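Thanks for coming. I have one model to go through today, so let me put the sequence and the structure up.

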Amino acid sequence: MNTGLLILRLAVGLLFVGHGIQKVSHRLGGHGIEGGAAEFRADGFCGGRLTAAAAGGGQIAAGLLLCAGALTPLAATIAGGVMTVAVTVKWRNGLWVQNNGYEYPLILMLLPAVLMLTGPGRWSVDQAIGLLPWAPWWAAAAVGLGVFSGLMTRALLAQPVPHH
């Protein structure tokens, strides 16, 4: 079980780190901070570079925390927030990823939440410093706060629709 949790944490965490790096740099096929800002503007957000930097930084932070199995509730909250924003962008396309749907961000939102419920495993910082186990309400609170922060981000940074 601990080996499986370690592999899951590393896979999901590294995917988050990679996505964050793409948002803020030209590495891993990214288009730099300007490209990230343009992507957010195209998705209906204002904020430009700051929005891209916050999203990229959040993804990198969540990913590193997941990889280490450190402060898993915080990692789940950050991941939930960033991925909720992604779900709101892709919602209109339906569920399936082949139609640019929200399937993939939904999975990336759920996996850290599941790690909250299972715990990050024996080979984790949380285990080493005695933060385990968490009460089930921690998982609900972390995920709820993440989803709420993502929805608030969407509401606060949405560009106004021009009236004709």
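R49, setting aside its neighbours within four places in sequence, is in contact with I33, E34 and A37. The model is a predicted one, so please read every value as computed from it. R49 sits in helix α3. Is R49 buried, exposed or partly exposed? Its relative accessibility is 46%, so R49 counts as partly exposed. R49 and V24 are 25 residues apart along the chain, and their C-alpha atoms are separated by 8.8 Å.

Next, α2 itself. The residues G32, I33, G36, A37 and F40 of α2 are buried. What covers them includes α1 and α3. After α2 comes G44, with a positive phi near 95 degrees.

Now the packing of α1 against α2. Two packed helices are described by the angle between their axes and the distance between the axes. Here the axes of α1 and α2, the latter being residues 32–42, come within 5 Å and cross at roughly 95 degrees. Angles of 65 to 115 degrees count as roughly perpendicular, and α1 and α2 are therefore roughly perpendicular to each other. Which residues make the contact? From α1 they are Q22, K23 and V24, and from α2 they are G32, I33, G36, E39 and F40. By type, the residues of this contact are three nonpolar, three polar and two charged.

The loop between α1 and α2 holds L28. Most residues other than glycine have a negative phi, and most peptide bonds are trans. L28 is not a glycine, yet its phi is positive, about 55 degrees. With a relative accessible area of 57%, L28 is exposed. A second case is L71, found in the loop between α3 and α4. L71 is not a glycine either, and its phi is positive at about 50 degrees. L71 has a relative accessible area of 43%, so it is partly exposed.

In soluble globular proteins, nonpolar side chains tend to be buried together. The largest nonpolar core in this model has 14 residues, and those with the most contacts inside it are V12, F16, L66, M83 and L108. Which helices each supply at least two residues of this core? They are α1 (2–24), α3 (48–68), α4 (72–90) and α5 (103–118). The largest share, four residues, comes from α4. Apart from this core lies another, of seven residues, including I33, F40, A52 and V89. Going back to L66, and leaving aside its neighbours within four places in sequence, L66 is in contact with R9, V12, G13, F16, A75, P112 and L115.

Not counting residues up to four places away in sequence, A139 touches M116 and L117. A139 and G119 are 20 residues apart in sequence, with 10.0 Å between their C-alpha atoms.

Last, the cysteines. How many disulfides are there, taking a pair of cysteine sulfur atoms within 2.5 Å as the rule? The count is zero. C46 has 32% relative accessibility, so C46 counts as partly exposed. C67, at 15% relative accessibility, counts as buried.

That is the end of the walk-through. I will take questions now.

Terms used:
Residues numbered from 1 in each chain as written. Predicted model: local features only at pLDDT ≥ 70, side-chain atom pairs only at ≥ 80, totals over all residues. Heavy atoms only, no water. Core = buried A, V, L, I, M, F, W, Y, C linked by side-chain atoms within 4.5 Å. Buried < 20%, exposed > 50% of the residue type's maximum accessible area, 1.4 Å probe, protein only. Contact = heavy atoms within 4.5 Å. Axes fitted to C-alpha atoms, helices over the stretch in contact; angles between N-to-C directions. Parallel < 35°, antiparallel > 145°, perpendicular 65-115°, else oblique. Nonpolar A, V, L, I, M, F, W, Y, C, P; charged D, E, K, R; others polar. Disulfide = S-S within 2.5 Å.
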